[in-house]
Amino acid sequence: MLDTINPYMPAYPVEPPNFAGRKQVLQSMVEAFKYTSHAKSLNIAVVGEWGIGKTALLLKAQEIASKEFGAISFIIDVQSGQTSDAVLHAIVQKFLHQILREYPKLGLPAGGIREMKSPRLDRIAEQNEGNAGYTPIRFESTLQSLWEAIADKDRIVIIMIDNLEFLDKQELFKVVETIRNVFQALPRSGCKIMAILSGKKIFYDTSAKLYSPTARFFRRITLEEFTEQESAEAMTLPIREISDFSISKEAQAEIHRLSEGHPYILKAVCFSAFRELNGKGKLTPKKLSAIMPVIVDILGNDIFGPMLDRASEEEKKILFAFAKSKEDTLSFSEIQSRAKMSKRGTHLTRLVEKEIVLRTSRGKYRLFHPLFKAFVQKKMG
Ligand SMILES: Nc1ncnc2c1ncn2[C@@H]1O[C@H](COP(=O)(O)OP(=O)(O)O)[C@@H](O)[C@H]1O
Ligand SMILES: [Mg+2]
């Protein structure tokens, strides 16, 4: 029986009221909203590895923007293998949808999109349903028309595009280039519209490489692991109204240490701990270490196992070399000899792209998380 809903669901981005820390990042966002409200949009690229809190940040930013800037905002969730056109169509579709939700009078009460009263929106909807692609000019004029349909010009519009790393290079290039061209021009016609792009580092690096002005056009926000204070907040905020369950300060510090402040892993550890204790009592370091093997098993089953399964045989050799090694970091040549890897290191590059292996600032390599290392070690027996 489920007595209390587990408040640490790692698979869902945290609800905005339980959003922990990231004070500077949020300030930076608010600053961009301010500029946009003066028709001088500042566009943002949120960059960070898997599970670091990109989607959670977008949701939090939506909440703030709606409260403080009356923002109309929506998130496009990019799907793997999507074309750039599909992404642009999704933007128009969601924008339209959002306007109709907030200004229902622009549409007939029970009608479909085609029956809308406003001729302008009707035309946009129809065009968007057609298969014609968007040239930058047409995309721009469509966004302009949508902006003009908004009654209250004190509002701002924030278009968020999440998981951009899912696009193939060429499609990513087209999306980023179109957004850049169009969003550069929009403020000139008084549109208070800004874009927030979000994705893993590979998305940013790829688009910056293909199109160098990207770096100048988007203000980059890089999400890092939680500080100890942020970890503590992330652990305590979700249980502030639950009286039966708590985590001692010492256990909080230990969970921060074990998870290295990685938001997803931290939440997953708390989720398992809460479950193991049936949502009752105080989690202490002693209780934590007793249930740690179970927690590692759960992490292995839910996250690390599938990651390892997705690695090719050659890639696995590299992962095993890391797991066998006493040191956490290895140099290229060490990996090469221990995993019998080719000189070009293609498989290592793939692992870095997948963010299973990280390249450290000193040009060495390490597994993305020590608990993953423990898991691979266990798998090897
Ligand atoms: N600032 C935060 N406060 C509390 N929990 C967070 C925060 N950022 C991320 N999380 C949690 O970490 C996990 C991963 O976050 P998510 O936004 O899904 O990462 P990403 O989109 O980068 O893959 C989720 O369970 C989320 O609730
Ligand atoms: Mg996400």
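In what order do the strands of the open sheet of 3 strands stand, and is their pairing parallel or antiparallel? The order is 8-10-9, and the pairing is antiparallel. Strands are DSSP runs of E with at least two residues, helices are runs of H or I with at least four residues, and both are numbered from the N terminus. Two strands pair if DSSP finds at least two bridges between them.

This is a predicted model, in which local features need pLDDT of at least 70, side-chain atom pairs count only at pLDDT 80 or more, and totals for chains, interfaces and linings use all residues. Residues are numbered from 1 along each chain as its sequence is written, while chains are lettered from A and ligands numbered from 1 in the order in which they are written.

Strand 8 is joined to strand 10 (residues 365–367) by 2 bridges, and Thr-329 stands opposite Arg-366 in strand 10.

Another open sheet is formed by 5 strands with parallel pairing, in the order 2-3-4-1-5. Strand 2 (72–77) and strand 5 (218–222) are its edge strands, each pairing on one side only. From one strand to the next, the twist averages 20°. Strand 5 pairs with strand 1 (residues 43–47) in the parallel sense over 5 bridges; here Ala-45 faces Arg-220 of strand 5. Helix 2 lies across strand 1, strand 2, strand 3 (157–162) and strand 4 (193–199), and runs at about 170° to strand 3.

**Helix packing**

Two helix pairs are set out below. Axes are lines fitted to C-alpha atoms, for helices over the stretch in contact, and angles run from 0 to 180 degrees between N-to-C directions.

| Helix pair | Angle | Axis separation |
|---|---|---|
| Helix 13 (residues 313–324) and helix 15 (residues 346–353) | about 80° | 9 Å |
| Helix 12 (residues 285–310) and helix 16 (residues 370–380) | about 85° | 10 Å |

Helix 12 and helix 16 are therefore roughly perpendicular to each other, a term that covers angles of 65 to 115 degrees. Residues are in contact if their C-beta atoms, placed from the backbone, lie within 7 Å. Helix 12 contributes Val-296, Leu-299, Gly-300, Phe-304 and Leu-308 to the contact, and helix 16 contributes residues including Phe-372 and Phe-375. This contact has 9 nonpolar, 1 polar and 1 charged residues. In these classes, Ala, Val, Leu, Ile, Met, Phe, Trp, Tyr, Cys and Pro count as nonpolar, Asp, Glu, Lys and Arg as charged, and the others, Gly among them, as polar.

**Domains and ligand**

The domain assignment, which is automatic or from a database, gives domain 1 (22–222), domain 2 (228–308) and domain 3 (311–380). The centres of domain 1 and domain 2, taken over C-alpha atoms, are separated by 35 Å.

The shell around ligand 1 draws at least three residues from each of domain 1 and domain 2. A residue is near a molecule if its C-beta atom, placed from the backbone, lies within 6 Å of it. Of the 20 residues around ligand 1, Val-14, Gly-53, Lys-54, Ala-56 and Pro-263 come nearest. Helix 2 (54–69) and helix 11 (263–276) are the elements that give two or more residues to this shell. By class, the shell residues are 11 nonpolar, 6 polar and 3 charged.

Notes:
Contact = placed C-beta atoms within 7 Å. Parallel < 35°, antiparallel > 145°, perpendicular 65-115°, else oblique.
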